[in-house]
Amino acid sequence: MSTLHLHFTSKNQTLTANHGDNLLEKIIEANLDIDNACNGMGSCGKCRVQLDPATAPAPLEDELRLLESDELRDGIRLACLHRIQHDLALDIVSERNTGDTVRVLEDGLTVNTDIEGASLEKIYVELPAPTLEDNGTDEQRLSSRVGADYHNGNHLRLLRKLPVVLRDSRHKVTAVLYNGEIIDVEPGDTTRRLYGVAVDIGTTTVVAAIIDLNTRKEIGSAAAVNAQRSFGQDVISRIQYAEAGGQEQLRLLIIEQLNSLVEQAATTAKIDVGSIYEIAIAANSTMLHLLLGISAASLSTAPYQAVFRNSVGIRAIETGLRIAEAGILYLLPSVSSYVGADIVAGVIATDMHLADEPALLVDIGTNGEIIFGSKDGFVACSCAAGPAFEGMNISCGSVAITGSIEAVRISPGKVDIKTIGHAPANGICGSGIVDVVAQLVLTGIVQSNGRFSKEAATLYADRLRNDGGQKFNLTEDGNVYISQKDIRQVQLAKGAIASAIEVLLRELGERSARIQHVYIAGAFGKHLNIESLALLGMIPPAFANKVSFVGNTSKTGAVKCLLSRRYKEEAHAVLDRTKYLELSVYPGYESLFVESIAFPSPPSTSTPQPQTGEALTVPTA
Ligand code: FES
């Protein structure tokens, strides 16, 4: 077999390849940086390479869908879709965003420190030294003094440890209890050292926070981009990677990442990881399956079944997590395959389940997860919003990294942008995508049907261009822009969310009129402009003044479950009191979705101002 050569012009680097090798795989194998958001599935449009336009192969169907016609004309192709047939001179157009610049949402709602009744507790006891008259077993003497039985999973380990700890400490010991059962014994009085870790495993980011269960305060935290992200940015790509033989690799990646984050947080908090006895985790169903090494294949194909959805309480050490040897791993329960434990945590975090009047909680990611209700019960659904709001399938889309445009204001002759870190613009993140399209609709540049208006062409001639499809330049050099295709993607995403909300409103009937709060959770929500959401028709106009951004509710819910057994029970009760609606079989959903695609007519009011009150600035290069 003849050896072929790939020459990366601007890097002046040459790789060898075999005829028929996949181009993306060769690039990754050589450790060259390339954005492969969908892990080579041909759906994200990010793995762009520049080939010689004269010799580039004819565009494939997916490329016609995902790339602009001027890009195709200029020789841009998607590396994952091509097998190497001959020597190539090329350049990588889309380098991957390095993890350390991705913005991670660590903050959640403030947790009331009056919450009591944690699963974990410590009881210090001083046992009398055994005598001939009092020579009962060590096991029995400790158990009766503490007033608790032994936890099954830790019993043998404890029996082996007990005689040494008791005698070395002259029978002065601290019993560690979990849900009223003894899981460990420590020499001396260690009651001041009682810690748990609350974790949110998001598809994009992972956050761990150490909670002092005596003071009920967070004493250290650490966060990072999910280590599995290199194997697909969305859950479907990860499931496919797992099913293609990568399951154990993905499991080990997240376990090792959690160990590392817990160690970092423990260092900040100046505590020993060996004194952490519980790790409470909230995440979507796919992340939970991958964490436990359970096949998530059935989540990705109809009828979208999960292998499990109830809460899990097992010894953490069984999974490879390094906390106290007797420590417990607790996973919050999920409602369904696509309304996961992160949403249940959101309900717990906002106390929706205790409220008299209904509230709506929306978490927008690749899937929009929506739950609506009060103490009287919930309805929930998940809609395929697509990855547009995560920056995928959008020409200049990106996750929230330094330099991403996160807010936009447009007026005749003026386009103001605000970027993360006030760095030069290099892409548009979710909140920026919502903002720019809302501004285009508000100013009439884009019509309700999503098309660029002909009248706008003269007013905004300096920003509009038509090279292989219409585009609106957000930067003067035109490097960051929004195209007609991008606007279509936003229409589909917002149509999915708006129609899902409408289904839930209909399902709730009269109760929906009493809605008090609209909670928007997650990193996407944190930086959204409420007016822009309403302008796009993503939420009903009447909800606009009820919106609050509640941050990382997944983490907050996990914190509450650490602090109180009652919240664990209530999390479980949310499952029993939630009716899950499968939208794909919901009567009339298809036509509702189609109706929701159009943008509402813009109000005749002035341009909305940024929520933060912060002036939008054009960053200098
Ligand atoms: S990695 Fe090639 S299209 Fe997503």
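**Close-up views of a predicted model**

**View 1. Helices α4 and α5 meet.** Asp138, Glu139 and Leu142 of α4 touch His155, Leu159, Leu162, Pro163, Leu166 and Arg167 of α5 (contact: heavy atoms within 4.5 Å). The residues of this contact split into 5 nonpolar, 1 polar and 3 charged. Here Ala, Val, Leu, Ile, Met, Phe, Trp, Tyr, Cys and Pro count as nonpolar, Asp, Glu, Lys and Arg as charged, and the others, Gly among them, as polar. This is a predicted model: local features need pLDDT of at least 70, side-chain atom pairs count only at pLDDT 80 or more, and totals for chains, interfaces and linings use all residues. Residues are numbered from 1 along each chain as its sequence is written, and side-chain values use heavy atoms, without hydrogens and water.

**View 2. The angle between α4 and α5.** Helix α4 (residues 138-146) packs against helix α5 (residues 155-168) at about 90°, with axes 10 Å apart. Axes are lines fitted to C-alpha atoms, for helices over the stretch in contact; angles run from 0 to 180 degrees between N-to-C directions. The two helices, α4 and α5, are therefore roughly perpendicular (65 to 115 degrees; under 35 is roughly parallel, over 145 roughly antiparallel, the rest oblique).

**View 3. An open sheet.** 6 strands line up as β11-β10-β9-β12-β14-β13, with mixed pairing. Helices (H or I, at least four residues) and strands (E, at least two) are DSSP runs, numbered from the N terminus. Strands pair if DSSP finds at least two bridges between them. The edge strands, β11 (217-225) and β13 (312-315), each pair on one side only.

**View 4. Strands β10 and β11.** Strand β10 (residues 205-212) pairs with β11 in the antiparallel sense over 8 bridges. Threonine 205 has valine 225 in β11 as its bridge partner.
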